[in-house]
Amino acid sequence: MHIVRDLTSSDGDGPREPSAESIDAVRDAEVYFGFGIPKPVFLAARRLRWVHSAAAGVGNALFPEMIGSDALLTNSAGMHAVPIAEYVVAGVLHFFRGLDVAAAQQHESRWDKSFFTSMDTPVREVSGARVLIVGAGGIGGQVAIRLAALGATCVGIRRHPERGTPPGFTRVVGTSEVDGELPTADVVVLAAPLTQESKGFLTAERFKRVKPGAILVNVARGALVDEDAMVDALRSGHLRGAVLDVFREEPLASDSPLWQLRSALISPHISPVSPGRFWPRALELFCDNWRRYDRGEPLRNLVDKQAGY
C-alpha cells in the first residue's frame, strides 16, 4: 500500500490535475482509492482492476478510457446522505421562516416585524408544504425522511419509478413527469447524479413552470441548472429563494450576480461535510468492499459506467 502524501483536493469528485507522486505510485497498482480518479492517473495505471472513489459523484472519472475499460468503479454514494439532508432542511427553514430577511435587518440594526406579520407574508411552516425531490436515491431518500417527519408531502422523481417508493415519499414518478409536478411544488430539491440525461435538467422553460414563490435547493451538481435562468427567476421574485451548494463553475466567480442576491443562500460545496463521521463511514464501505474484492464477490456501490452513476 502506498499513501500519497502530496496535496490533493476533495472538491466535487476530485482534482482534475494529479500530483506527480500519484502518477508514479499508481503505475503498478491493482486498486486505487481517492476522490475520483484524474484521467492521467488512470492512463498511467496499466494493471488497475478496481477504482474506488470517496466521492458520490463520478462525472470526472467517466472519460472514454474508463468507460471502455474492464476496471470496476465504485463510489461512496450514501456516505454523505445524512449531512446533506440536514443541510437541505436548514436551507428550506432559512427561507420558510424568513431568516434571510432577519439577517438583512440585523445588518441594518433595524427592528421591523412587517415582513413577518403582513397578510401576504411568505413565512410558513414545513407542515403542509409539497416538496419535489429530483433523485430518490441515498441523498433524496434522507431528505424525504426528514421533511416528511416535519409534515411535508414529498414526491420523488427517479429514472426507474418501477423500483418502488422509498420511505419518506408519498409517491415516486418518472423523469418524464417532471413538467407536470413543478407547478405545484413549494420546494424543488435537486439530488440526482450528473448524467447526460440530467445535465441542464432545470432549463429556462422549466423555470417558468416552477410554482411562483417556490424555493430551489441544489445539492447535486451545478450543471443540472441553467444558472442564467435561475438568476432571472430570483431577480424577478418568481423564486422565493435558492439554496445553492454547487455551481456550474467552482469556485463561483467573484463577479457572479448570485453573490449579490439576498434570495440566494450560497455555500462553497460543503453540504457533505461531517467532521468525525465521514471517514468512519467511508472506510467501513471500502474495507467491506476490499473483503468482497478479495473473495471475488459483488462489490457495493458499483457504478454503471454507461448510466453514469
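This is a predicted model: local features need pLDDT of at least 70, side-chain atom pairs count only at pLDDT 80 or more; totals for chains, interfaces and linings use all residues.
Most residues other than glycine have a negative phi, and most peptide bonds are trans. Asn-301 counts as partly exposed, because its relative accessibility is 25% and that class lies between the limits of 20% and 50%. Asn-301 is also among the residues in contact with Ser-76, once the neighbours of Ser-76 within four places in sequence are left aside.

Ser-76 itself belongs to the loop between β3 (72-74) and α4 (81-96). Although it sits in a loop, Ser-76 is buried, because its relative accessible area is 0%, where buried means under 20%. Besides Asn-301, the contacts of Ser-76 beyond four places in sequence include Leu-285 and a run made up of His-52, Ser-53, Ala-54, Ala-55 and Ala-56. With one of these residues, His-52, the side chain of Ser-76 also forms a polar contact of 3.4 Å.

A positive phi occurs as well at Ser-109, where the angle is about 55 degrees although the residue is not a glycine. Ser-109 is located in the loop that runs between α5 (99-107) and α6 (114-117), and it is classed as exposed because its relative accessible area is 71%, with exposed meaning over 50%. Arg-110 has its place in the loop between α5 and α6 too, but at 37% relative accessibility Arg-110 counts as partly exposed. The side chain of Arg-110 is joined to that of Asp-112 by a polar contact of 2.9 Å. Along the chain, Arg-110 and Val-82 are 28 residues apart, and their C-alpha atoms are separated by 36 Å. Within helix α5 lies Ala-104, which is buried, with a relative accessible area of 15%. From Ala-104 to Phe-116, twelve residues away in sequence, the distance between C-alpha atoms is 13 Å.

A further backbone feature is the cis peptide bond between Glu-250 and Pro-251, for which omega is about 0 degrees. Pro-251 is found in the loop that links β9 and β10 (264-266).

Around Phe-207, with residues up to four places away in sequence not counted, the residues touched are Leu-202, Leu-216, Val-225, Asp-226, Ala-229, Met-230, Ala-233, His-238 and Leu-239.

The empty space in the model was examined next. Rolling a probe the size of a water molecule over the atoms shows where empty space is left. The structure holds one cavity of 30 Å³ or more, and the space in the largest cavity amounts to about 30 Å³. The lining of this cavity consists of Asn-218, Gly-222, Val-225, Glu-227, Met-230, Leu-244, Val-246 and Phe-247. By class, five of these lining residues are nonpolar, two are polar and one is charged. Of the lining residues, Val-225 and Met-230 are also among those touched by Phe-207.

At least two residues of the lining of the second largest pocket are supplied by each of α1 (20-26), β1 (31-34) and α11 (278-295), and the largest share, four residues, comes from β1. The lining of the second largest pocket is made up of 18 nonpolar, seven polar and three charged residues.

Conventions:
Residues are numbered from 1 along each chain as its sequence is written. Side-chain values use heavy atoms; hydrogens and water are left out. Contact means heavy atoms within 4.5 Å. Buried means under 20% relative accessible area, exposed over 50%, partly exposed in between (1.4 Å probe, protein chains only). A polar contact is a pair of N or O atoms within 3.5 Å; within protein, one must be able to donate a hydrogen and the other to accept it, and residues adjacent in sequence count only if both atoms are side-chain atoms. Ala, Val, Leu, Ile, Met, Phe, Trp, Tyr, Cys and Pro count as nonpolar, Asp, Glu, Lys and Arg as charged, and the others, Gly among them, as polar. On a 1 Å grid over the protein atoms alone, a cavity is a set of points where a 1.4 Å probe fits but cannot get out, and a pocket is an open set with protein on both sides within 12 Å along at least five of seven lines; lining residues have an atom within 4 Å of a point. Grid points are joined across faces, edges and corners, and a volume is the space filled by probe spheres set on the points.
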